[in-house]
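Keep the structure open beside you and try each task before you look at its solution.

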Amino acid sequence: MIFYFTGTGNSLYAARSLSKEIFSIPQQMKQKDHSYQADQIGIVCPIYGHEMPQMVKEFIAKSSFDTPYFFLIITYGNRHANATELAEKYLESKDMHADYITSLLMVDNFLPVFDMAEQKKIDKHVEDRLTKIKADIEQKKHWIEPVTEEDRAAHADYLKLVGKADESIWADFRYTDACIGCGICAKVCPAGCIAIKDGRPVRSEENCQTCYACIQACPPKAIQLNPVLGFAEKNPQERYRNEYVSMAELIQANQQNEEEEWNT
Ligand SMILES: Cc1cc2nc3c(=O)[nH]c(=O)nc-3n(C[C@H](O)[C@H](O)[C@H](O)COP(=O)(O)O)c2cc1C
């Protein structure tokens, strides 16, 4: 049993490659009961600034996992820093114990730093890593990916860069005139932050997970990031969705608001 959170499909693809029984965290958040029992339970999610998305942390905090083997797979695109250690500490703070934590390098969807056209060209050996991780999990391997002092320093540098700002600094974006009011942005938002009113998107930043699902999925590329901390978008003309994940699957994973609710 794997729970996943995804903005652009990487973590959904990884979860699906590792188990037949996968559940979307944004959908689980709507359920009343968060007690889960299975022979193995895992979470697959991206990292934002080396940390698990806020919603994943909330899901972990409110859930009880009755399992002899709990694992965590962190998908990332360029630098995981001490993400495995930060995740382990978070679990410990919720009185949870992880048997296995590892990272999985995939396309980096962080638009302020990476050009999606360039990222798509890089072979990150995802299948090889997934085969190895799958074998580890099947054998119930006990292993927490170690971190180095350099990894910790990389995270400290990141914290220095963002200063007192919280993760929402990465969620400062605008709709351009290219918006056709199609509502895809609203459907792929895992936090239900976007509604379509009078044919135009209306967005609340509160609870935004900074997953970029809306920006990356927008058919006319009408959502663009405002420059932040000196980072402007690398390539506003190129967007990303994992090549093995369809738009329909992404919507199924993330949609919060019923169409009637937002298409008014
Ligand atoms: C706001 C934001 C912050 C990110 N921070 C990091 C990071 O610190 N290190 C890293 O290697 N990748 C980072 N990424 C890239 C994602 O973790 C990576 O592309 C992940 O596989 C995306 O998974 P998904 O397609 O399931 O959403 C970031 C992406 C976003 C949108």
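Two residues are in contact if their C-beta atoms, placed from the backbone, lie within 7 Å. Helices (H or I, at least four residues) and strands (E, at least two) are DSSP runs, numbered from the N terminus. Axes are lines fitted to C-alpha atoms, for helices over the stretch in contact, and angles run from 0 to 180 degrees between N-to-C directions. Residue numbers start from 1 along each chain as its sequence is written. The model is predicted: local features need pLDDT of at least 70, side-chain atom pairs count only at pLDDT 80 or more, and totals for chains, interfaces and linings use all residues.

**Exercise 1. Find the strands that helix α1 lies across, and the angle to β4.**

Solution. Start at helix α1, residues 10-18. Helix α1 lies across β1 (2-4), β2, β4 (41-46), β6 and β7. With β4, the angle is about 155°. Now look at helix α6 (residues 126-138), which packs on the sheet and touches β6, β7 and β8. The direction of α6 makes about 170° with that of β7.

**Exercise 2. Work out the strand order of the open sheet, and which strands stand at its edges.**

Solution. Two strands pair if DSSP finds at least two bridges between them.

**Exercise 3. Divide the chain into domains and describe the side of domain 1 that touches domain 2.**

Solution. First, the bounds, which come from an automatic or database domain assignment: domain 1 is 2-162 and domain 2 is 167-262. Next, the centres, taken over C-alpha atoms, are 22 Å apart. The contact takes 28 residues from domain 1 and 30 residues from domain 2. On the domain 1 side, α1, α3 (54-62), α5 (116-121) and α7 (149-162) give two or more residues, and α5 gives the most, with 4 residues. Finally, sort that side by residue type: 16 are nonpolar (Ala, Val, Leu, Ile, Met, Phe, Trp, Tyr, Cys and Pro), 2 are charged (Asp, Glu, Lys and Arg) and 10 are polar (the others, Gly among them).
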